[in-house]
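Biologist: Could we go through this model together? I would like to start with helix packing and then turn to the charged pairs.

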Amino acid sequence: MIRIKGKAVSPGIVMGRALLYNFEKEVIQAENIGEKSVEKEIWRLENAVKKSQAQLKKINRDLQKIMGKDAAFIIETQYLLLKDSHLLDEIRGIIQNKLVKAEWAIKEVEKKYLKIFHTIPDLSFKAKSNDISDVLTRLIANLKKSSPATSAPQPGQVILVADDISPSEAATMMSNKRLLGLVLNKGGETSHTVILARTLGIPAILDTVNATDSIFNGDTLALDSVSGEVIVQPTPEVAAEISLKIEKFRLYKEQLKKLSQLPELTLDQHQFHLHANIELPFESEIVQSYGAQGIGLFRTEFLYLDSKMSISEEEQYLIYKKIAQNIFPHPLVIRTYDLGRDKSDPAAPRHEENPSLGMMAVRLFLKDREPFKIQIKAIMRANASGNIRILFPMITEIEEIHAIREIMAEAKKELQGAGTYPGKDVRVGIMLEIPAAVRLIRHLGDIVDFFSVGSNDLIQYLLAVDRNNSDVSYLFSPYHPAFIHILKEIRSEVDRIGKEVTICGEMAGQPVPALMLLGLGFTNFSMNALAIAEIKRVFTRIHYARLRKIVSQLDSFGSRTEIKTFFKKSLLELYPDLLDSQRPL
C-alpha cells in the first residue's frame, strides 16, 4: 500500500480501478517538400481541420447532454481556434514559404504561441496554452490516415492517472460518464480540465509529482480529494475506512444541499446574503444549486483570455444577457477586464519591472479605451432584465471614476442612437483593493452605487506583501490589526453614504475569517460556489449580536497572532461544535 499526497482541487472520495494515461507527443522532424507538393500539403491540412472540427463538435454535443448548452464553452473555444483564419494562415504560410510538410508547420506555430504564453506568469494562460497545444496536436494526428490515438479502452468507470491531460481528452471521458476521479502529476487550479471536474463533481487532485511512477493500470485506488491523498492498493482495513468516508461524505453533501434551501438568517434573525464568483459562462448554470443568491463577481478577463484574442460586442452581449436571465431576479455583478499584473493580454504583452504597481485594469483601459468601451456597451445592452451591475477594478483616484462615467455616457448615447439601449441603467460599483480608494468613499455617494472589497489585493497592498512569494507569505494575514482597522473604516464610510458593500476575496469563503467579517458588520459575501453551503452552515448557527460583541474587542490586541487566537477561542467557547464540520471528515 502506498499513500501519495497532492493538492485537492475538486472535493470528493471514490474508490476504483486506475487507468494510466501515457500520452506522449510524437516527435516531428522537419521534412522538406517540392514546390509542386505545396497544394497537396495544404489540402492535407484543410482535410485534417475538417476532421478535427467534426470530432470537437461530437465532444461538444456529448458534453452538452450532461452539462447543458453553455457547459461546452471550453470545447467551443478549441473549435473556434480551428476557424481562426489567422492561425491557419500562419500554418499555410510556413508550408508555402519554407516548403515543409504540414506537421512541421503546425509545430512551428505551436512553439511560437507557447513561447508567448510561457513568458506570462499567470495560471489562466496555462489553460489557453493547453487549448492551443491540444487542438494543434489533434490536427497533427488527423493528418494521418488513421484516427488519433486514444488511451487503451477499459470497461467500466476508472480513476484516470496522468502526468497531465488535455481538456478535450478529459471532456470525452467525462461526457461518457467513465471518469470516477482524476489524479495528475501536474496541472493548475484554473485549467479547463479542473474546471470541468469541479462542475461535474468529479474528485480531482493535482501536483502529485510522480503518481504515474507508482501507479499501474488496474491498480485499486482510493482517491480522497478532501484531504488531498490517493492510496494505491489499500489494505482491506483501509478500504473499509475509505468506504465509511465515502458514506460520510455523501451524507455531508446531502446536509449541505438541505442547508442551501434554508433562509439566510443567523439564530437571532440577522440577514446575510451569499453570492457566487464565476469565471466562465457555463458556471452560472449550477451556482444556484449550491445556494448562491446571485453572482457577486463575474471575472470577465477569463472570458477575454479564453477567446480568440478578442471578443466582439455581440458575443459579449449574448453571454451577459443569458447569464442575467438564468439567475434573475438575483444580481449579476460583471467586473470589467482585470488585465495587467499577472494577467496580461498575449496579443499585446507588456513587460514592466513592477507590474503590480504599473499598467493594470482600469489604468490600462483608460489608455486604450476601445476594448473597454465595447465591453461597457455589451453590458449595457444585456441589461433588459434589470439585474446587471458593472464593477470596475483597481480604482486609485476619483478622476478615474469621472473618466469611466464619461465613457459610459458616450456608450449609452451610441446605443440609444442605434435603438439597442434597453432603457434600464446599469448600477455602477468599484473595487476597494487599493488602500487609497478607501479614503475616497465619503466623496463617492453621487457617482458610485455600490462597493466590493477585494480582500486579497487589499491585504497585499496594505501590508506590502506578495502572498505568492513563499519567503514573505507568512505576513499575508486577514488578522493583521491594520487590515481589521481598514475593514472597520470601509464599513463605517459606506454606511455614512448609504451604499452597499460586498466582500468578494478569499476571506469570504473561509469560515473563521468570514465569521469575523460578519462580526464587523458585513452582510454581503461572494465566493467560490463550493464554499457557500459551509459558510451558510456556520452563519446560521451563531448569534449576530454575540459575534459583534466578540469582534468589538479585537482593537485590544496589537498582533495578528493574538487576534486570531482570541477570536477563535471566543467563538468555540460559545459554540463548541461550530467548526467541527468545516471538513466533512
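Biologist: Are α20 and α21 roughly parallel or roughly antiparallel to each other?

Modeller: Bearing in mind that this is a predicted model, helix α20 (residues 544-551) and helix α21 (residues 560-574) pack at an angle of about 150 degrees, with 10 Å between their axes. Angles over 145 degrees count as roughly antiparallel, and α20 and α21 are therefore roughly antiparallel to each other.

Biologist: Is the crossing left-handed or right-handed where α20 passes α21?

Modeller: The crossing of α20 past α21 is right-handed.

Biologist: Which residues make the contact?

Modeller: From α20 the contact takes R546, L547, I550 and V551, while α21 contributes F566, F567, S570, L571 and L574. Sorted by class, the contact of α20 with α21 has seven nonpolar residues, one polar and one charged.

Biologist: Changing topic, how many salt bridges are there?

Modeller: The count comes to 27 salt bridges in this model. One of them joins E103 and R44, whose closest N and O atoms are 2.8 Å apart. That pair links distant parts of the chain, since E103 sits in helix α4 (residues 102-118) and R44 in helix α1 (residues 38-67), 59 residues apart.

Biologist: And are E103 and R44 buried or exposed?

Modeller: Both E103 and R44 are buried.

Biologist: What about E110, which residue does it form a salt bridge with?

Modeller: E110 forms a salt bridge with K107, and the closest N and O atoms of that pair are 2.9 Å apart. Because they are three residues apart in helix α4, E110 and K107 are separated by about one helical turn. The relative accessible area of E110 is 4% and that of K107 is 18%; buried means under 20%, so E110 counts as buried, and K107 does as well.

Biologist: Let's move on to R439 and E489, where do they lie?

Modeller: Their side chains meet in a salt bridge, at 2.7 Å from N to O. R439 lies in the loop between α15 (435-438) and β14 (450-453), whereas E489 belongs to helix α17 (residues 481-497), so the pair ties together parts that are 50 residues apart in sequence. R439 is exposed, with a relative accessible area of 58%, whereas E489 is buried, at 18%.

Biologist: Which residues do salt bridges that share partners join into one network?

Modeller: Shared partners join E313, E314, K373, K377, R381, E410 and E414 into one network of salt bridges.

Conventions:
Residues are numbered from 1 along each chain as its sequence is written. This is a predicted model: local features need pLDDT of at least 70, side-chain atom pairs count only at pLDDT 80 or more; totals for chains, interfaces and linings use all residues. Side-chain values use heavy atoms; hydrogens and water are left out. A salt bridge is a side-chain nitrogen of Lys or Arg within 4 Å of a carboxyl oxygen of Asp or Glu. Helices (H or I, at least four residues) and strands (E, at least two) are DSSP runs, numbered from the N terminus. Buried means under 20% relative accessible area, exposed over 50%, partly exposed in between (1.4 Å probe, protein chains only). Axes are lines fitted to C-alpha atoms, for helices over the stretch in contact, and angles run from 0 to 180 degrees between N-to-C directions. Angles under 35 degrees count as roughly parallel, over 145 as roughly antiparallel, 65 to 115 as roughly perpendicular and the rest as oblique. A crossing is left-handed if the near helix is turned anticlockwise from the far one by less than a right angle, and right-handed if clockwise. Contact means heavy atoms within 4.5 Å. Ala, Val, Leu, Ile, Met, Phe, Trp, Tyr, Cys and Pro count as nonpolar, Asp, Glu, Lys and Arg as charged, and the others, Gly among them, as polar.
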